[in-house]
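Have a look at the sequence and the 3D model below. Then let's walk through it together, one piece at a time.

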Amino acid sequence: MKTQKLHNKDLDSEFKGKKVILSCRSSFEERCFFALNAFKKVKPEKLTIFQSNNPSKESIEVIDSCLNSYKDIASYETISKDNPIDIYTAIFKCMSELFEHNSDASHLIDISSFKREELLILLSVLNQINNRSIDCRLLYTEAKDMSQNWLSRNTINIRTVLGFSGEPYQSKKTCLIVMVGHEFERAKDIIDEYEPSRLLIGHASKNEAINEKLYDRNKAFFKEIRSYYGSGCEEFEFSALCPDKVMNKLTELCSDHSYNYVIAPLNNKLSCIGVGNFAIKNKNVQICYGQMSDYNRTEYSSPGEYIHIMSNILD
């Protein structure tokens, strides 16, 4: 996978003269349309917005405030909040049609506001339908900061991500790998649900974090979880910038074949892509997802100035 980091003001020059088809996920965060509005000279020919059935009031307000100049090209695809099969069906149908009818375009998918489960299903879909002759790239607007309070709360379901169930053997014990983000409750509930024989918890390394502020908060949540589970866990660091480095780290962590491996990617979307691609190439690995009922819609995050672009997504 090729990754590059661009200032949002340089997005126009990157796609100058190209036919751009953009897909994104609506959200209560303005970050969901940050990349779209960074285009000043290049206007996408088509805009597809994945939107939850029964979207929140805050999400609708963000659409109304951020899409004034794009309403003429925007179309909406309803995506389920809690039914993985429906999520898969909606993404598969939409991306298949976009690729089929716009094979000469640069397909940009802004993953900034996809839920992790949705993003992983998207990767699975792209692995099935993208013949690599299509120019398909993922965009990710990094966060400048996250809420100093809570991000999410009230875990209502912990499940295996559709398409990433792994190949568990009853004769093997479970090793759970938790890539800590900024949510204590979600991480704790996943660990308690699996009750693994071996627990690995990790945080982003200082040199591979988005910024120092996010690193410090991530490290604080990591220490809280480590303290809660005591000496019964092992520690590691990973990249929150480079999916390929995440894959390399997971190759190292999953080298003992006497375990069934389950991964909980709770950090940012860049590291989540690394987990997804690792599991696509290692079918024995399972990925899990913790569904939350409440999100801090008023102060979840603020967008940074930089956009990460990933091409050759599945290589």
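We'll start with the ground rules, then go on to the cores, a helix and some salt bridges.

This is a predicted model, so local features need pLDDT of at least 70 and side-chain atom pairs count only at pLDDT 80 or more, while totals for chains, interfaces and linings use all residues. Residues are numbered from 1 along each chain as its sequence is written, and side-chain values use heavy atoms, with hydrogens and water left out.

Let's go inside. In soluble globular proteins, nonpolar side chains tend to be buried together. A nonpolar core is a set of buried Ala, Val, Leu, Ile, Met, Phe, Trp, Tyr and Cys residues joined through side-chain atoms within 4.5 Å, and buried means under 20% relative accessible area (exposed is over 50%, partly exposed is in between; 1.4 Å probe, protein chains only). The largest core here has 66 residues, and Met-95 and Ile-109 are among those with the most contacts inside it. Leaving aside residues up to four places away in sequence, Met-95 touches Ser-23, Phe-50, Ile-109, Leu-122, Val-125 and Ile-129, where contact means heavy atoms within 4.5 Å. There's also a second, separate core of 25 residues, including Leu-11, Phe-33, Leu-47 and Tyr-70.

Next, charges. Side chains of opposite charge can pair when their charged atoms come close. The structure holds 18 salt bridges, each a side-chain nitrogen of Lys or Arg within 4 Å of a carboxyl oxygen of Asp or Glu. Which residue does Glu-208 meet in a salt bridge? Its partner is Lys-245, at 2.7 Å from N to O. Glu-208 lies in the loop between β9 (198–204) and α7 (212–229) and Lys-245 in helix α8 (residues 243–253), so the pair ties together parts that are 37 residues apart in sequence. Glu-208 is buried at 17% relative accessibility, whereas Lys-245 is partly exposed at 43%.

Glu-183 and Arg-186 form a salt bridge too, with their closest N and O atoms 2.9 Å apart. Glu-183 is buried at 7%, and Arg-186 is buried at 2%. Finally, Glu-14, Asp-135 and Arg-137 are linked in a network of salt bridges.

Methods
Helices (H or I, at least four residues) and strands (E, at least two) are DSSP runs, numbered from the N terminus.
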